[in-house]
Amino acid sequence: MRVNMTVNGRPYAADDVWEGESLLYVLRERMGLPGSKNACEQGECGSCTVRLDGVPVCACLVAAGQAEGREVVTVEGLADHARQRSAQAAGAVCPGEPEEGHPGAHGATRPVGPDAARSVEPEARPVEPDMARPVEPGGGRPVGPEAGRPGEPGVGGPVGPGTGRPGEPDAARHAGPDAGHPVAPEAVRPRRPGPSRPGQAAPLAPVQQAFIDAGAVQCGFCTPGLLVAADELLERNLDPSDADIREALSGNLCRCTGYEKILDAVRLAAARTGEAV
């Protein structure tokens, strides 16, 4: 069967979808959006959390057919979703601007509607590895015209002179006092959300930047689901209590951080979002 849905602001159709196929499988394997992780497949860990019509759901438990005609936001789309939300709150409407995280067109999935003619244009993507870059299934490399562009942020690669990524200071490689080198100010300075354009990396959503600054990311496997759940919390509650944060993230399991830094990250994102408003 064919399933039509809006993913990160763009209409898409997935063909030859099996009746029992999950939304998670369609997003990862058909649309090239690997941010939502496939872990327990029982809705217990929250690693596959996405937003379906604004509500956080475990994509592994949602049949793809249930997403027919509905809107899906994945971790790949958080940056532009947050930016457009801020613009709307400020009264500046951005009609026609594409959402970040445009899925790669491969397999049986293809764009439909007015955006189909420009589906091959390079899109803006957040710079976080794995969580924000479409990847060919099994290939482990970016998809699209920008995949081989020199100097583009890679997935887990080194930075600095002599590494094939010109224009980045050597100090950006060193993230702590034990590295023996100074840390460039731009390597730790929080970035503010702003408009993204094709061919440029989109600024991170406030909650994504807060997770980096608070050190809430370790192995990163659970991080996409936590980001989606935390972003939804901050959308409806700009001043959450600790109890509110714990309740919002109660469906997301993490085996690395001990949760304290995750809570710190959500508090930090809430404070920054409140200041921006």
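Student: Which residues in α4 meet T223, L226, L227, A230, D231 and L234 in α5?

Tutor: Happy to start there! This is a predicted model, where local features need pLDDT of at least 70, side-chain atom pairs count only at pLDDT 80 or more, and totals for chains, interfaces and linings use all residues. Residues are numbered from 1 along each chain as its sequence is written, and side-chain values use heavy atoms, leaving out hydrogens and water. With contact meaning heavy atoms within 4.5 Å, the α4 residues that meet that set in α5 are V207, Q208 and F211.

Student: Which elements do the buried residues of α2 pack against?

Tutor: Buried means under 20% relative accessible area with a 1.4 Å probe, counting protein chains only. In helix α2 (residues 78–89), the buried residues include L78, H81 and A87. Their packing partners are β3 (49–52), β5 (71–73), α4 and α5.

Student: What is the phi of G91, the residue after α2?

Tutor: Helix α2 has twelve residues and reaches 16 Å from its first C-alpha to its last. G91 follows α2, and its phi is positive, near 85 degrees.

How values were computed: Helices (H or I, at least four residues) and strands (E, at least two) are DSSP runs, numbered from the N terminus. The expected span of a helix is 1.5 Å times one less than its number of residues. Buried means under 20% relative accessible area, exposed over 50%, partly exposed in between (1.4 Å probe, protein chains only).
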